[in-house]
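Please read them with the structure open.

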Amino acid sequence: MLDQWLVHLFHEGQCIEAYKIFGAHILNNGAVFSVYAPNAKAVDVVGDFNHWQGTKMERVSDGGIFYQYIDGVKELENYKYRIETKEGKIIDKADPYAFYSELRPGTSSKVFNLDGYDWHDDYYLKYRTNGYDRPLNIYEVHLGSWKLKKDFTEEEDGSYYSYEEIADLLIPYVKEMGYTHIELMPLMEHPYDGSWGYQPTGYFSATSRYGNPKQLMAFIDQCHQNDIGVIFDFVPVHFVHDQHGLSKFDGGYVYEYQEEYRRYSEWGTSYFDLGKEEVRSFMMSSASFWLDYFHVDGIRYDAVSHLIYWQANKNNGVNDGALEFVKRCNYHLHSRYPGIMLIAEDSTDFNNVTKKTNENGLDFDYKWDLGWMNDTLKYMAKDPVYRQYEHSLITFSMAYNFNERFILPFSHDEVVHSKKTIIDKIWGNMHQKMAQLKTLYIYMFGHPGKKLNFMGNELAEFKEWDEKKSLGWNILTYPIHDAFHHFMRDLHRLYLNEIAMSKFDYDLLGFQWMVVDDNKQSVFAFTRRYEKDILVFVLNFTENKHYGYMVPVPVNGKYIELINTDQDIYSGGNFVNGAKISENYSLQVNIGPFASMIFKCSVSN
């Protein structure tokens, strides 16, 4: 029978292991099925094992839980719940807690035994941390289209690599390029490829597009063995209306709001009613499930603005029920899984997103700095002649930088729907764009905060991302793109090796402006510092060339140029510096058009 303590916690909205009591669990020579359907008159299990004729489930709880053991059920057999509503209507639904699902366009759940995978990542899990004082360089990936076996066309479907096959391709590349983590766009089962996983139906079901759940475990295990963390995108805000899914699950409003004016989202989906205790347990258990069974290292919550405010509109007021869910979920996850990262994709100015709950916060580890992203890209789109009037777009972020623990993102949202790719947002011709793109990335990696880039950004792609096509790997045959790719690899490795670039991301001691008011020439300089290590960043956002530009420095000494975007190996004009000796606390540096550089001075006693 069911674990009554977990049932109690489920109804109290405090359960993070509801997947242990619901779903299909193989037992002896059959399987146990359990489902929450509080408005149902009756529920049957239908599937391959009973020729879809139905086996009646027993209502075991006044709270609406149905349970049944069925003999002879085998792994990978398909099933659904056949629900009779209070009005006598018969509907077939996929299992909300299914561990595996039929490949779309099929909609059935599949019996699957999650136990028995032989993990080899004990060392990694023991020493993983939330990374506040470490380099965190995230590679955001849509697993299907990073590389496709065959692109989709209007005439026929393409084909994907499996979880295990893509591991052999993606993991060596991620290591070579100097990323620390892979963030995977949602892998929860979803019916429509074009939703990219952000409109799921299976919150406990790894999508069958790339294989079965144990193959996904193998992918994550291999990541960990290569010292690469894995972050999952999580969609706690809304769900699709597909007939087999959660919408009006048992004829009533189990997962969504009863009130119609609260129910529907801007995406044509239904909002989860996170004020309901059972829905809170469902969603907390989903997040916990991926951390528990799949050893995931982080959860990135999508569309947090919709959890904070009704319909993401500050004028509509705070959604107290959803905020209580967020606080409760994050508290439980941090307590159960030390070292994980919980990340908010949040566009609001709501306070204390990364503070602990006992500090009146939401208990996220990180928040995306979408303000920094928008300001920076707006600045880069300006004709350099007019950037002098938009100087604050670069400086403003440091006015609020230490209010939260921020991640600086250039995510998938910025390279789709005719928004143009990162390089194509920048003013100028091809060569001007490429020079400025390198300086943009020096600025990004010098700025306090962790880093996230969507796949393809490192290639300087002009083609917007399309989930039906592979990235444009062929552009690396062009020397200018190959040089940029080389530059990104070198910058990433510098970021990993120079602790001053990450140690004090959230401490005032780690950053100081050196040149902040030269708006006429659009030149900036700042330091990143950790103990004796001092890094000086110099950025030129115009096409002017400077000889002996005076840059203040905090100490006198010998400064070695670690990287310069104008180096010939990066397709630049090679207007570089080498080593410089500071005098009177200043350096005289040569700066190429749209160029940037990093100097290092190690202070001796």
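**Notes on the predicted model**

1. The axes of helix 4 (residues 163-177) and helix 15 (residues 479-497) come within 8 Å of each other and cross at roughly 70°, where axes are lines fitted to C-alpha atoms, for helices over the stretch in contact, and angles run from 0 to 180 degrees between N-to-C directions. Helix 4 is therefore roughly perpendicular to helix 15, given that angles of 65 to 115 degrees count as roughly perpendicular, under 35 as roughly parallel, over 145 as roughly antiparallel and the rest as oblique. On the helix 4 side the contact is made by Tyr173, Glu176 and Met177, and on the helix 15 side by His485, Met488, Arg489, His492 and Arg493; contact means heavy atoms within 4.5 Å. By class, this contact of helix 4 with helix 15 has three nonpolar, two polar and three charged residues (Ala, Val, Leu, Ile, Met, Phe, Trp, Tyr, Cys and Pro count as nonpolar, Asp, Glu, Lys and Arg as charged, and the others, Gly among them, as polar).

2. On the basis of the values: this is a predicted model, in which local features need pLDDT of at least 70 and side-chain atom pairs count only at pLDDT 80 or more, while totals for chains, interfaces and linings use all residues. Residues are numbered from 1 along each chain as its sequence is written, and side-chain values use heavy atoms, with hydrogens and water left out.

3. The protein has 15 helices and 29 strands, these being DSSP runs numbered from the N terminus (helices H or I, at least four residues; strands E, at least two). Its radius of gyration is 26 Å, close to the 25 Å that the globule rule gives for 605 residues, so the protein is as compact as a globular protein of that length; the radius is taken over C-alpha atoms, and the rule is 2.2 Å times the number of residues to the power 0.38. Taken along the principal axes, the C-alpha atoms fill a box of roughly 85 × 50 × 45 Å.

4. Of the 605 residues, 61% count as buried (under 20% relative accessible area, with exposed over 50% and partly exposed in between, for a 1.4 Å probe and protein chains only). Among contacts between residues at least 6 apart in sequence, 71% join residues at least 24 apart.

5. The peptide bond from Arg104 to Pro105 is cis, with omega near 10°, and Pro105 has its place in the loop between strand 8 (90-93) and strand 9 (109-110).

6. His142 lies in the loop between strand 10 (137-141) and helix 3 (143-146) and counts as buried at 7% relative accessibility. Leaving aside neighbours within four places in sequence, His142 is in contact with Met185, Trp196, Tyr210, Phe454, Met455, Trp465 and Glu467.

7. Asp115, in the loop between strand 9 and helix 2 (122-127), counts as partly exposed at 46% relative accessibility. With neighbours within four places in sequence left aside, Asp115 is in contact with Lys214 and Tyr293.
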